[in-house]
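I opened my notebook to log what I looked up today.

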Amino acid sequence: MSITVFVTPIPLLRFDPSNAKRTSSSIFVRPGVCVKGGIRRSSRLESSSHLPAAMLVDNRPVLSDLCASGLAGGIALCCLKLWQETAKRSLFDQKLNRKLVHISIGLVFMLCWPLFSAGRRGAMLAALTPGINIFRMLFLGLGIYKDEGTVKSMTRFGDHRELLKGPLYYATTITLACIICWRTSPIAIAAICNLCAGDGLADVIGRRFGNLKLPYNRNKSIAGSITMALSGFLTSVGIWIFGEKLGNGVGFLDCVHCLCPGGITPYKYRP
């Protein structure tokens with residue numbers, strides 16, 4: 001007895017990128033992406049490399065990123081020199097001058113992020129500016145190199161060894177935020193905004209209006225804590241809106257999701 005088996009050929013599926021739509025139920029798959037857990041996904045930096053940037057040199061992305069790195073470093077240096085002059089001339093109290101440096105440098109640097117490309121190269125070149133400051137803080141803090149203006153503008157009591165604490169941690173945090181998360185991540189923007197605006201303004205307001213202390217921590221005031229939450233959140237929203245208009249790939253709802261409640265909500269990236 002013979003058995004006849006009919007085999008129906010499976011049609012060849014062709015992927016047409018022009019008809020692909022990114023929705024909640026579909027994933028735009030591009031050639032060359034890695035496969036993990038049976039689902040094709042690309043890394044965040046790789047998938048965002050097509051995002052636009054305010055290129056300084058047309059059709060030369062590497063040269064444009066190098067120019068952006070030099071420009072961002074120059075702007076940050078000019079801002080730092082400004083606060084060094086105010087410290088030398090004693091225009092502000094030394095602790096207030098230190099906090100003005102703390103608030104402004106990171107935010108001014110972050111406003112330069114759209115000048116860089118959204119991929120890994122842009123992240124690494126942007127990280128050069130705060131990365132150089134890590135070694136600068138080490139050399140000044142260890143006494144290898146002397147700069148009275150920097151020491152006076154960044155320390156509470158004029159001791160160069162203070163640079164090995166807060167200022168060193170500050171530069172390290174911004175450098176890691178650039179390398180690991182970069183401008184396409186709400187986590188990087190939220191971390192730097194809370195570090196600069198949140199922590200900086202909390203100290204300024206807390207010292208002046210911080211008569212009422214937190215019941216569980218007498219070293220922190222209610223006014224300073226409220227200022228920390230509000231200034232960190234509002235600055236993050238402002239930076240996000242600024243970046244969204246220039247193509248950072250991060251939306252307003254991403255901002256609210258990442259920051260609420262209290263900036264500790266786990267954030268899940270869209271594929």
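**Entry 1: ground rules and a first pair**

Which side chain meets Arg 161 in a salt bridge? I looked it up: the partner is Asp 159, at 3.1 Å from N to O. I noted the rule: a salt bridge is a side-chain nitrogen of Lys or Arg within 4 Å of a carboxyl oxygen of Asp or Glu. I also noted that this is a predicted model, where local features need pLDDT of at least 70, side-chain atom pairs count only at pLDDT 80 or more, and totals for chains, interfaces and linings use all residues. Residues are numbered from 1 along each chain as its sequence is written, and side-chain values use heavy atoms, with hydrogens and water left out.

Next I checked exposure. Buried means under 20% relative accessible area, exposed over 50%, and partly exposed in between (1.4 Å probe, protein chains only). Arg 161 has 53%, so it is exposed. Asp 159 has 25%, so it is partly exposed.

I found 6 salt bridges in the structure. One of them joins Arg 89 to Glu 85, with the closest N and O atoms 3.5 Å apart. Arg 89 is exposed because its relative accessibility is 60%. Glu 85 is partly exposed at 35%.

Another salt bridge pairs Asp 199 with Lys 99, at 3.6 Å from N to O. This pair links distant parts of the chain: Asp 199 sits in helix 8, Lys 99 in helix 3, and they are 100 residues apart. Helices here are DSSP runs (H or I, at least four residues), numbered from the N terminus. Is Lys 99 buried or exposed? Lys 99 is buried, because its relative accessible area is 5%. Asp 199 is partly exposed, at 33%.

**Entry 2: a charge without a bridge**

I then turned to Arg 98, in helix 3 (residues 94–110). Arg 98 is buried yet has no salt bridge. Which side chain of opposite charge is nearest to Arg 98? It is Glu 162, 5.2 Å away. For charge, Lys and Arg count as positive and Asp and Glu as negative, while His and the chain ends are not counted. I left aside neighbours within four places in sequence and listed the contacts (heavy atoms within 4.5 Å). Arg 98 touches Ser 153, Met 154, Thr 155 and Arg 156.

**Entry 3: the core**

A nonpolar core is a set of buried Ala, Val, Leu, Ile, Met, Phe, Trp, Tyr and Cys residues joined through side-chain atoms within 4.5 Å. The largest one has 43 residues, and Met 110 and Trp 113 touch the most other members. Elements giving two or more residues to this core include helix 2 (61–88), helix 5 (128–141) and helix 9 (222–245). Helix 8 gives the largest share, 8 residues. Beyond four places in sequence, Met 110 is in contact with Ile 189, Ile 192, Cys 193 and Ile 239.

**Entry 4: a surface patch and a loop**

Phe 139 lies in helix 5. With a relative accessible area of 40%, Phe 139 is partly exposed. Phe 139 forms a nonpolar surface patch with Phe 135, Leu 142, Ile 144 and Tyr 145. Patch residues have over 30% relative accessible area and no salt bridge; nonpolar side chains are joined within 5 Å, like charges within 9 Å. Together the five have about 560 Å² of accessible area (Shrake-Rupley method, 1.4 Å probe).

Last, I checked Thr 184, in the loop between helix 7 and helix 8. Thr 184 is buried, because its relative accessibility is 7%. Its C-alpha atom is 6.9 Å from that of Ala 118, 66 residues apart along the chain.
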